[in-house]
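Hi,

Here is the structure I said I would pass on.

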Amino acid sequence: MELSISSRLLNTSSAAAATALLKSKPRVHNRHTSIPLLPLKHPFSPLTLKQMSNNSQSTLSCSSLPQNNTPPAPSSPSTASGRIGEVKRVTKETNVWVKINLDGTGVANSSTSIPFLDHMLDQLASHGLFDVHVKATGDIHIDDHHTNEDVALALGTALLQSLGDRKGINRFGDFSAPLDEALIHVSLDLSGRPHLSYDLNIPTARVGTYDTQLVEHFFQSLVNTSGMTLHISLLEKIRII
């Protein structure tokens, strides 16, 4: 037996209550008691009642509500969090985690156990106004080479991730930085083609405990994984007194 009834009658009723309602016989009175039906503004979904076998149980099946009665879908999650890249790189010598946000505010938190490298990574964040988080452990009891290299490789990969398809970005950058007696010029292109042109002559073998021979290797590793064309040149030599 199939009947269609208004969904308003089933506001809080169970299936058993609906069955009892449908089985009951209406009493006929002499007095006219019919209630005029008002036209519905929106059609309601049909409700089908099917009689089960020997027991008196019933099963209710209801089709989905019409499309125009469906509440609006929730808005998509906000993308205001920024363009983020996150990389974890683990080798026999190092364990490196890097996360950057190109749309950040210059927040820096670097811990590589190489103090000068931490300092320079913090400078990337503060001058570039993007967030840089780096955690790294490595075989620095031997030397800084592996940690220096793997941090740069992970940083380049995180940059590659955060750039996405690169649509709409300003690919080219050109800047000269005067630092007292030193003048450095950098040009770059986020081209997707890795290339490094490095023309620096650092007059000291170490800055603190950091081996300055590792500077070029850091930038070479960075461009290899980020797909960056990078030119670094020294316009004014540093004088050591």
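Which backbone nitrogen lies 2.9 Å from a polar atom of the side chain of Asp131? That would be the one of Val107, and the Asp131 side chain also reaches the backbone nitrogen of Gly106, at 3.1 Å. Both are polar contacts (N or O atoms within 3.5 Å, one able to donate a hydrogen and the other to accept it; residues adjacent in sequence count only if both atoms are side-chain atoms).

Before you go further: this is a predicted model, with local features needing pLDDT of at least 70 and side-chain atom pairs counted only at pLDDT 80 or more, while totals for chains, interfaces and linings use all residues. Numbering starts from 1 along each chain as its sequence is written, and side-chain values use heavy atoms, with hydrogens and water left out.

Overall, the chain has four helices and 12 strands (DSSP runs: H or I of at least four residues for helices, E of at least two for strands, numbered from the N terminus). Of its 241 residues, 28% are buried (under 20% relative accessible area with a 1.4 Å probe, protein chains only; over 50% is exposed, and in between is partly exposed). Take the contacts (heavy atoms within 4.5 Å) between residues at least 6 apart in sequence: 64% of them join residues at least 24 apart.

Back to Asp131, which sits in strand E6 (residues 131-138). Asp131 is buried but has no salt bridge (a Lys or Arg side-chain nitrogen within 4 Å of an Asp or Glu carboxyl oxygen). The nearest side chain of opposite charge (Lys and Arg count as positive, Asp and Glu as negative; His and chain ends are not counted) is Lys99, 8.4 Å away. Beyond four places in sequence, Asp131 is in contact with residues including Ile100, Asn101 and Gly104.

Leu129 is in the loop between helix H2 (115-128) and E6. Leu129 is exposed, with a relative accessible area of 51%. Its contacts beyond four places include Leu102, Thr105 and Leu124.

Finally, helix H4 (residues 214-226): 13 residues, reaching 18 Å from first C-alpha to last, close to the expected 18 Å (1.5 Å times one less than the number of residues). Among its buried residues are Leu214, Phe218 and Leu222. The buried residues of H4 pack against H2, helix H3 (145-163) and strands E9 (195-199), E11 (210-211) and E12 (229-236). Just after H4, Gly227 takes a positive phi of about 70 degrees.

Cheers
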